[in-house]
Amino acid sequence: MNANLKTAFARLLRKQYTDAERLLWLHLSNRRLNGIKFRRQHPIGTYIVDFVSLEEKLIIELDGGQHNEKENKQDDEKRTAWLTKEGYRVLRFWNDEVMKNTSAVLDLITDHVHPHPGPLPSRERE
């Protein structure tokens with residue numbers, strides 16, 4: 001897939017995401033998690049990853065039941081191996097894990113990132 005098509009496909013994926021992706025994005029967007037900037041549906045090589053922090057070289061993938069099928073498991077392993085070779089760390093979570101136990105998922109992600117200074121809190125005018 002050429003770069004323009006991949007970018008267009010990533011844009012389409014950003015508009016059509018699962019409930020689990022939507023929920024996790026609420027916690028990752030706007031540097032809400034340890035001040036880390038995450039991107040959603042971001043192209044890397046020939047892949048489009050669900051979430052990535054380029055600063056941390058951390059990728060978060062959310063998987064539905066189709067990823068439990070043999071062929072998809074092999075594709076996921078190949079994808080993870082390539083991304084790891086490129087210097088990324090890859091965390092995978094099941095969609096239902098995100099929906100049912102969001103705080104544990106966020107704790108695991110937090111264990112893999114370094115704290116970054118976030119935006120300063122706004123001050124009310126006196």
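User: Before we start, what does "buried" mean here?

Analyst: A residue is called buried when its relative accessible area is under 20%. Keep in mind that we're looking at a predicted model. So the cut-off to remember for buried is under 20%.

User: How many aromatic pairs does a search of the whole structure find?

Analyst: The search runs over the whole structure, and the number of aromatic pairs it turns up is two.  One of them joins Trp25 and Phe51, with 5.9 Å from centre to centre and 20° between the planes. Planes under 30 degrees apart count as stacked, so the label for Trp25 and Phe51 is stacked.

User: Which elements of the chain does that Trp25 and Phe51 pair link?

Analyst: This pair ties together distant parts of the chain, 26 residues apart. Both Trp25 and Phe51 are buried, by the way. Trp25 belongs to helix α2 and Phe51 to strand β2, so the elements are helix α2 and strand β2.

User: Are the rings of Tyr47 and Trp82 stacked or tilted?

Analyst: Their centres are 5.7 Å apart and their planes meet at 55°. Stacked needs under 30 degrees and edge-to-face needs over 60.

User: Which residue has its charged end over the ring of Tyr88?

Analyst: Over at Trp25, Arg40 lies over the face, 5.5 Å from the ring centre. For Tyr88, the charged end sits 4.3 Å from the ring's centre, and it belongs to Lys57.

Note on methods
Residues are numbered from 1 along each chain as its sequence is written. This is a predicted model: local features need pLDDT of at least 70, side-chain atom pairs count only at pLDDT 80 or more; totals for chains, interfaces and linings use all residues. Side-chain values use heavy atoms; hydrogens and water are left out. Rings of Phe, Tyr and Trp (its six-membered ring) pair if their centres lie within 6.5 Å; planes under 30 degrees apart count as stacked, over 60 as edge-to-face and the rest as tilted. Helices (H or I, at least four residues) and strands (E, at least two) are DSSP runs, numbered from the N terminus. Buried means under 20% relative accessible area, exposed over 50%, partly exposed in between (1.4 Å probe, protein chains only). A charge sits over a ring if NZ of Lys or CZ of Arg is within 6 Å of the ring centre and within 35 degrees of the ring normal.
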